[in-house]
Amino acid sequence: MKKAAKAKRPATRPLQLRWLAHARSGDKGNTANVGLIALDPEYYPILVREVTTARVARHFKGMVSGVDRFELPNLNALNFLLHDALDGGGTISLKTDAQGKVYSTALLRMEIPVPVALARRLAPK
Amino acid sequence: MSDRVVRIAAGQGFWGDWLEAPVRQVRGGPIDYLMMDYLAEVTMSIMQKQKSRDPRAGYARDFVPLMERILPDVVERGIRVTSNAGGVNPRGCAEAVLEVARKLGLAGKVKVGLVTGDDILGRLDELIAGGHPLADMETGRPLSDIRDRVLSANAYLGMGPIVEALRGGANVVVTGRVTDTGLTLGPIFHEFGWSPQDWDKVAAGTVAGHIIECGAQASGGNLLKGWRSVKGMADPGFPIVEASPDGTFVVTKHPRTGGVVSVASVTEQLVYEMGDPHSYITPDGVADFTSIQLRQAGRDRVRVGGIKGGPKTPMLKVSIAYFYGYKAVGTLVYSWPEAYDKAKAADKILRQRLADLGLEFEQILTEFVGVDATHGRLSGPADPNLAEVQLRIGVRASEKAPVERFTRELAPLVLTGPPSVTGFAGGRPAVEEVVAYWPALIDRREIERYVKVETLTA
């Protein structure tokens, strides 16, 4: 296994974002935003590479109409806009989470491929 | 002068925030300004409704008893207060504060700066006729589509009138729809005498305002990273900005308070309600959040610097609230065994009955609390042994009648639907009027010449 980690493309395995990032979300009208912040600056490049707009759109398929992504390397963070995520938003919405407060943790459910050694270090036994 | 810092303390993060916070900010250590933000997007329409019933109402009423508690300390310690508690009746709010000052024997010691001119409800027809469509920023629809249903309309003002009120000697500044960030920018620009065209400084003050505008959400509240290790949240320290003349600042809180001020707590607040981080637009300028540098500079101290900004835009945002329709949300609780299946069966029966009655809704939304209410299908398969599941059904319609009838269809399920159901003690759900938000833009010149600052003395 040590050899695999040293290879050019180390073996990876899927890991939930909750082990790599923390997050906070909010709303603007019918759009929810999720700020995804690396738990350690070391993980930020992995987030940039793996938490792509397309993957996030697939993760939330059927729940949102579109996704935009912005990079904030200064904060080791990515910001995602999830459009039409709130059943009309604000006062119109019938959802429990009408203001998108917990879209943050919904994103942390997503799995991304990370090097096996790192996954082993981060995930619980 | 060069070492001087100006301390701006957050007292309220929204209308309904912890009432003890401003008192503790005033008494817990040195501060120069107490900033209290009351206005969320639809708050103005609630206040407009209250004002239509009582012309003396229409502002954040809690602000007055709160000022009664803190005014003696505010006056004694030379603290100045900036707040948008005025809502749609800033004059009524200002007069209530003056009344309280007299009652406390502080006549002559309290000067209230009153800011008006944000309210354009009475000018809407004139503005539309003058070629300002006030189109919805999200959908592009012109305001004329819903003109007859508009309940309130207010332009977002920036720091300008607050600086003017402070220069006029006010120790309490009461405004209507001034931006959350303007309440912090005003004091900083007044104290340091910065030019309002120094865009990097405007951006720095904007970021400072954004960090503290939601109160304890920057100092340990709602903090996800390491939430178990956040201590003392029964008595959280609300955030304080210590601004320096060079445009940098420190975020901190009073000693011997709960919570935490860390790079993580500040970062979570920075990304809250963020759009494009390159351009955070306010009436005062445009801040680039990708320029912000954070550094832990001691226990519960985060230094913030490096902030870049750009010039203000020719437009101001307008917050319009209009009558949309009606909604109601009701719940029932189903218990083990097969709780989820029972709740699903009840939902199916209820929907069939609504359809059989021929009721028309814009939306019927079912959530199963305990299964999928917050994360939808991402929650994965339900645990077959769930102790209970709450069935939560909401409906929305433009007419009141179908919503009203829906509220009477929930209770019957207790005796005419699946078994082991409870949790109906609250009675029929209430029919709520839906007041919706319509964000628009307007040429700032149409607003700025109407903005007025008065100084009232107790």
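Which hand, left-handed or right-handed, does the crossing of H6(B) and H7(B) have? I put this question to a predicted model, and I found that the crossing of H6(B) and H7(B) is right-handed.

**Entry on the two helices.** I then looked up the geometry of the pair: helix H6, residues 160–167 of chain B, and helix H7, residues 182–192 of chain B, have axes that come within 8 Å and cross at roughly 45 degrees. Because of that angle, I noted H6(B) as oblique to H7(B). On the side of H6(B), the contact is made by Ile162(B), Val163(B), Leu166(B) and Arg167(B), while H7(B) brings Gly182(B), Leu183(B), Gly186(B), Pro187(B), Phe189(B) and His190(B) to it. Sorting the residues of this contact, I counted six nonpolar, three polar and one charged.

**Entry on the partners of S8(B).** I found S8(B) paired in the antiparallel sense with strand S7, residues 240–243 of chain B, over four bridges, and I saw that Ala243(B) stands opposite Phe249(B). The hairpin of S7(B) and S8(B) has five residues between its strands, and in this hairpin Gly247(B) takes a positive phi near 95 degrees. I also traced three bridges from S8(B) to strand S12, residues 302–305 of chain B, with the two strands running antiparallel; here Phe249(B) stands opposite Val304(B).

Methods: Residues numbered from 1 in each chain as written. Chains lettered and ligands numbered in written order. Predicted model: local features only at pLDDT ≥ 70, side-chain atom pairs only at ≥ 80, totals over all residues. Pairing = 2+ DSSP bridges. Axes fitted to C-alpha atoms, helices over the stretch in contact; angles between N-to-C directions. Parallel < 35°, antiparallel > 145°, perpendicular 65-115°, else oblique. Left-handed = near helix turned anticlockwise from the far one by under 90°. Contact = placed C-beta atoms within 7 Å. Nonpolar A, V, L, I, M, F, W, Y, C, P; charged D, E, K, R; others polar.
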